[in-house]
Amino acid sequence: MYDMNETDTIAAIATPLGQAGIGVIRVSGPDAADLGRRFFRPARPDCRWQSHHAYLGDWLAADGRTVLDEVLATLMRKPHSFTGEDVLEISCHGSPVILQTVLQQLITLGCRPAAPGEFSRRAFCNGRMDLAQAEALASMISAQSTKAYAIGLSQLKGSLGNDISRLRQLLIDALAGIEAAIDFTDDIAENDTPDIPPQIADAIAGMSRLLSTYRQARVLTQGISCVITGKPNVGKSSLLNALAGKKKAIVTDIPGTTRDLITETITLNGLCVHLTDTAGIRPPQDIIEKEGIDLVWDHLEQADAIVIILDGSRPLTDEDRHILEENKKRADKVLLAVNKSDLPRAWTPDRMADIFSSVPPRLNISAKFGHGLQELKDVIVRIPGVCDALDPDVMITQARHKLALEKALVNLKAARESLQTGQSPEFAAFELREALNALDEITGQKIQEDVLDKIFSSFCIGK
């Protein structure tokens with residue numbers, strides 16, 4: 001665990017390294033304002049150094065005379081800053097040399113290099129955001145699609161935290177009613193069953209609704225895993241190249257050219273799609289090809305969408321039928337792409353009916369000439385069970401949140417059952433308190449230090 005002293009002053013480069021127009025150094029802690037006063041020389045002598053105002057001037061070296069760079073300096077005084085502490089942001093020219101020079105100067109003057117995520121951790125510890133908002137901030141930074149960014153922004157604005165607060169209040173109200181019943185246990189007849197607070201049913205419904213969003217949210221934030229499969233020389237690599245818009249996979253007339261998995265990430269309709277080209281499925285010719293084919297089956301099991309390529313210009317083969325038969329159990333993920341639509345058809349679509357009870361979507365395409373590719377892209381992101389639901393206002397995207405909600409739901413159902421079966425209300429009260437603790441793990445009101453370490457260590461330095 002990184003030993004962080006939250007009373008010291010930390011500094012880090014907050015923008016990616018590399019040449020750019022500007023680069024920002026962030027300083028947070030009790031010495032931030034003093035460092036600004038000592039080493040920033042404003043261009044205007046009447047600078048009032050007001051909070052949340054940007055001032056143009058020179059940043060000086062430790063000797064107080066040598067100019068390191070012309071900068072914009074912004075001081076944000078506590079508690080109205082990102083971290084809840086005094087924060088100084090120095091916008092330099094975006095040369096890595098300048099940024100490192102200024103940062104090293106700050107460290108020489110007593111600042112400590114910030115650990116990954118330490119600014120966000122201080123914001124959490126100082127009550128500037130809850131833990132779900134901090135995680136949302138990290139998700140926004142790493143978002144690979146507009147939809148993923150939108151979900152992160154919604155959570156940063158407090159959508160998930162507000163929903164958890166509403167659920168939490170329902171549990172508190174239910175617990176208050178049960179504890180009142182405990183106080184008057186002597187007045188309850190022996191065979192009477194205590195009333196079940198209606199808030200329990202409302203909380204169960206709310207938690208179930210949130211949990212139902214997890215799979216869709218995972219797809220929206222992490223992207224769709226789309227595996228392209230089929231027999232050798234059917235056009236899998238050509239399709240990957242066509243969808244990616246560049247030559248990613250080698251295309252030859254030699255069967256078995258693709259031995260390993262080839263991946264490419266593209267964006268379709270605002271969604272991130274991870275395409276995987278695979279080895280052609282056939283009886284393997286050697287141990288290397290066998291390993292490649294085994295990988296195909298493993299990835300098909302985990303895929304969100306499966307594109308099975310068939311050659312429409314040649315009759316279906318035993319290899320085609322084997323691939324189709326093996327994917328019957330994944331029919332809800334399957335899309336049939338009949339390739340080489342520029343050539344005469346050698347078979348008709350009714351050949352699918354004797355394999356699939358419900359024939360998957362089927363498109364005629366030409367990977368070589370691009371026919372039907374836009375329709376194929378549209379269907380990939382509409383595969384049933386992936387993105388066929390409307391985006392709800394509040395979604396859960398973190399596995400940690402899912403596990404906490406599942407735990408709280410189990411406790412709630414146990415509380416309801418104990419009341420229904422006439423057990424002492426103390427048992428229901430215990431389960432409700434456990435459910436409250438689980439909800440508090442999401443927002444960080446009750447969270448173990450090692451869990452915080454793990455969460456914030458995945459953040460980038462400077463955030």
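## Lining of the largest pocket

In this predicted model, the lining of the largest pocket holds 10 nonpolar, 8 polar and 4 charged residues (Ala, Val, Leu, Ile, Met, Phe, Trp, Tyr, Cys and Pro count as nonpolar, Asp, Glu, Lys and Arg as charged, and the others, Gly among them, as polar). The space in the pocket is about 610 Å³. Of its 22 lining residues, Glu 135, Ala 138, Ser 139, Gln 398 and Ser 458 are the closest to the centre. A pocket is an open set of points on a 1 Å grid over the protein atoms alone, where a 1.4 Å probe fits, with protein on both sides within 12 Å along at least five of seven lines; lining residues have an atom within 4 Å of a point.

Two or more lining residues come from each of helix H4 (131–142), helix H8 (214–222), helix H13 (399–420) and helix H15 (449–457). H4 gives the most, with 5 residues. Helices are DSSP runs (H or I, at least four residues), numbered from the N terminus.

## Helices H7 and H13

The axes of helix H7 (residues 198–212) and H13 come within 10 Å and cross at roughly 155°. The two helices are therefore roughly antiparallel (angles over 145 degrees). Residues in the contact (heavy atoms within 4.5 Å) include Ile 200 and Met 207 of H7 and Leu 405 and Arg 416 of H13. By class, the contact residues are 11 nonpolar, 1 polar and 4 charged.

## Basis

Residues are numbered from 1 along each chain as its sequence is written, and side-chain values use heavy atoms, leaving out hydrogens and water. Local features need pLDDT of at least 70 and side-chain atom pairs count only at pLDDT 80 or more, while totals for chains, interfaces and linings use all residues.

Conventions:
Points joined across faces, edges and corners; volume = space filled by probe spheres on them. Axes fitted to C-alpha atoms, helices over the stretch in contact; angles between N-to-C directions. Parallel < 35°, antiparallel > 145°, perpendicular 65-115°, else oblique.
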